[in-house]
Amino acid sequence: MNVGFIGLGVMGRPMVLHLQAAGHTLHVWSRRPESAADLPATRCATPAELGRRCDVVFTVVTSSDDVEQVTLAEDGLIEGMAPEGVVIDCSTIAPERARHIAARLSTRGIHFLDAPVSGGAQGAIDATLAIMAGGDAAVLERVRPLLACLGKRIVHIGPNGAGQVAKACNQMIMVAAIQAAAEAMHLARAAGVDCGKVREALAGGSAASRVLDVMGERMVRRDFAAGIEARLHHKDFGLVLEAARKSGVPVPLTATVAQQLNALMAQGWGKDDTASLLRVLEA
Amino acid sequence: MKIGFIGLGIMGRPMALNLVKGGHELTVWARRAESMQPLLDAGARAAASPAEAAQGNELVISMVADAPDVAEVMRGVAQGAAPGLVAVDMSTIAPAAARRIGETLAEAGVDFIDAPVSGGEVGAIAGTLSIMAGGSEAAFAKARPAFECMGKNIVHVGASGAGQVTKAANQIVTGMGVLAVAEAFAFASKNGVDRDKVREALLGGFAYSRILENHGQRMIDRNFKPGFKSWMHEKDLNIVMQTAHELGLCLPGSAATAQMFNAMVGSGLGEEDSIAVLKLLENLSGQA
C-alpha cells in the first residue's frame with residue numbers, strides 16, 4: 001500500500017522503518033528536508049502532494065497547531081487526498097482539536113482517526129506501542145494491519161477525540177507516578193538509605209509499576225538523558241488541565257504535578273527525561 | 001473629555017454612569033441595545049458600532065468579558081480612531097493577550113492601556129475601584145481624569161501588560177484568601193467551635209484581612225449571593241495558571257485553589273459568590 005508519513009522525529013522515524021519493512025511503499029514529508037535524508041521513502045514537496053500519492057497518511061508531530069497545519073492549511077493533506085483516504089494522527093493533541101480536524105476532513109470524504117500512542121521511543125523501536133484510537137470502528141478495521149506493524153495493543157476507545165481523551169488519562173497516571181517515584185527516591189536518599197535497594201524491594205510488592213521500573217532505574221543511576229523529553233509531558237499537562245477545566249472536573253493531584261513540571265522547565269531541564277522531577281525536589 | 005464606552009454589563013454600566021456624572025461627554029456601545037438605555041437616559045449618545053464609539057473621541061474604554069471580545073471591539077476601535085486616540089481596556093484578560101492587542105493598536109496609531117479593576121460591583125457603583133494600569137506614561141496621563149471618576153486607588157504599574165499581571169496577582173491573593181478563610185471556618189466548626197467568635201478573635205491579629213472581615217462575615221451569614229461569581233474567579237485563576245505554564249513558574253498554592261474553583265463550577269456553584277467554596281469544603285468533609 002502507498003503509505004504517507006509526516007513527522008520524522010524520535011517516534012516517527014522507527015515507525016516509518018517498520019511500515020517499510022512490512023512491504024509498504026513509503027512517502028514522507030517533513031518541515032526540514034534533511035530529516036528524511038537517509039530514509040527508504042519518496043520525499044514529497046508538500047503535504048498535499050504526499051496526500052495525492054497515498055491511501056493512508058500518518059502524522060506524528062508535536063502540537064495541535066502542527067496537526068492542523070499539515071492537514072487543513074493551504075497545501076495540506078485536505079487538498080491532496082482522495083475521498084475514502086485515511087489520516088491517522090498519532091500525535092498527542094487536544095481532544096476538541098482532533099474532533100475539529102476530523103469534521104473538516106470529512107467534508108471532503110477523508111476519514112480521520114486520532115490514534116495517540118504510549119510507550120515512548122523504545123516502544124516505537126520495538127513496535128510495542130499501545131495505540132488508543134478514536135474514530136469510526138470500520139475505518140480502524142481497515143487500517144488495523146498497518147497499526148499492527150507499530151504496536152501490540154490497539155484499542156478502539158470511541159468516536160473522534162476519544163483516543164486523545166484516553167491519552168490524557170495515560171499522561172495523568174504516568175507523570176503522577178513519576179512524581180511519586182521521585183518523592184520516594186528523594187525521601188530514601190535523605191534518610192541515608194540506598195535508593196537502588198529501595199527500588200528493588202518495591203518492585204516485588206504492591207507499589208510495582210512500569211514507571212518505577214524504568215524511571216525509577218534512571219533516578220537510581222541519576223541518568224537524566226531523555227527517553228521522553230520532559231517538555232512534552234509539560235505540554236501534555238497543559239492539555240489535560242484545559243480539558244479538566246472545560247468539563248468542570250477537579251484534578252488536584254494533576255494540578256500539583258503540573259507545578260513541579262513548571263519548575264522543571266524553569267530549571268532548563270525540558271529536553272532531559274521526566275525523571276528530572278527528582279532533581280526538582282533536590283533543587 | 002469626549003469618551004467612547006464599550007460594554008455596559010454589571011461593571012461597565014455603573015462605571016460609565018460615573019463618567020457622565022463626572023461631566024464627561026459619552027458615546028456608548030453594547031452588544032445588546034437594551035443595555036444602553038440607562039446611559040442614554042443619563043444623557044449619553046448611542047453608537048452603532050465599536051468603530052463609531054471611537055470616532056471623534058479622545059479616549060475609548062472597553063469593559064467586556066474575555067480576550068476575544070476585547071480583540072474584536074478593538075479591531076473596530078482601530079477603524080474608527082482619529083490620530084492620538086487612547087484606548088483603555090478595563091476587562092480582566094491574560095497579560096500576553098493584552099500585549100498583543102496593544103501591539104496591534106500601535107500599528108493603527110492608537111495608544112493602548114490595560115487597566116483592569118478590583119472592587120466588584122459595589123466599587124463600580126461607588127466609584128471606588130482599584131485601577132491597575134499598564135502602558136505609556138503619556139497615555140496614562142491622558143486617561144487619568146477618567147480613571148478618577150471610576151476609582152480611588154489608581155496605580156500606573158508599568159509597561160503594556162503590567163496592569164493585567166497585577167490583576168492576576170490580585171486574583172491569586174484573593175482566591176487563596178477566600179479558600180484560607182473557608183478552611184479556617186470548616187476547621188473551627190468540625191472542632192465544635194463557633195465561627196463568629198473565631199473571626200472576631202482573628203480580626204485583631206496577623207490573620208486580619210479585608211477578606212476575613214467582609215467575606216468571612218458573609219460566610220457566617222451564609223449569604224452566597226454574588227458579589228463576584230465563582231465562575232469568573234475560576235476564569236481569572238485559569239489566566240494565572242496558563243501564564244505560569246507558559247513561563248515555567250511553579251505556583252502550587254494557586255494550582256490547588258484553581259482546582260477548588262474548577263470543582264465549584266463543575267458542581268453547579270458557578271453562579272454563586274466565590275465564598276461558596278465554603279459549601280464545597282463542607283460537602284467534602286461531610287459537614288453539610
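This is a predicted model: local features need pLDDT of at least 70, side-chain atom pairs count only at pLDDT 80 or more; totals for chains, interfaces and linings use all residues.
Helices here are DSSP runs of H or I with at least four residues, numbered from the N terminus, and under that convention the place of Glu148 of chain B, B:Glu148, is in helix H7, residues 137–150 of chain B.

Looking along the sequence, B:Glu148 is 130 residues away from B:Asn18, yet in space the two are 9.6 Å apart, C-alpha to C-alpha.

Now to chain B as a whole, whose secondary structure comes to 13 helices and nine strands. Its C-alpha atoms fill a box of roughly 65 × 45 × 35 Å along the principal axes, and the radius of gyration is 20 Å, which agrees with the value near 19 Å that a compact globule of 288 residues would have. Of those 288 residues, 49% are buried, and among the contacts with a separation of 6 or more, 65% are between residues 24 or more positions apart.

Finally, the contact between the chains, to which chain B gives 17 residues and chain A gives 19 residues. On the chain B side, the elements that give two or more residues are helix H11 (230–247) and helix H12 (252–266), with H12(B) providing the largest share, nine residues. What is the division of that side into nonpolar, polar and charged residues? There are eleven nonpolar and six polar residues on the side of chain B that touches chain A, and no charged ones.

Definitions and conventions:
Residues are numbered from 1 along each chain as its sequence is written. Chains are lettered from A and ligands numbered from 1 in the order in which they are written. Two residues are in contact if their C-beta atoms, placed from the backbone, lie within 7 Å. Ala, Val, Leu, Ile, Met, Phe, Trp, Tyr, Cys and Pro count as nonpolar, Asp, Glu, Lys and Arg as charged, and the others, Gly among them, as polar. The radius of gyration is taken over C-alpha atoms; the globule rule is 2.2 Å times the number of residues to the power 0.38. A residue is buried if 20 or more other C-beta atoms lie within 10 Å of its own, exposed if 12 or fewer, and partly exposed in between; C-beta atoms are placed from the backbone.
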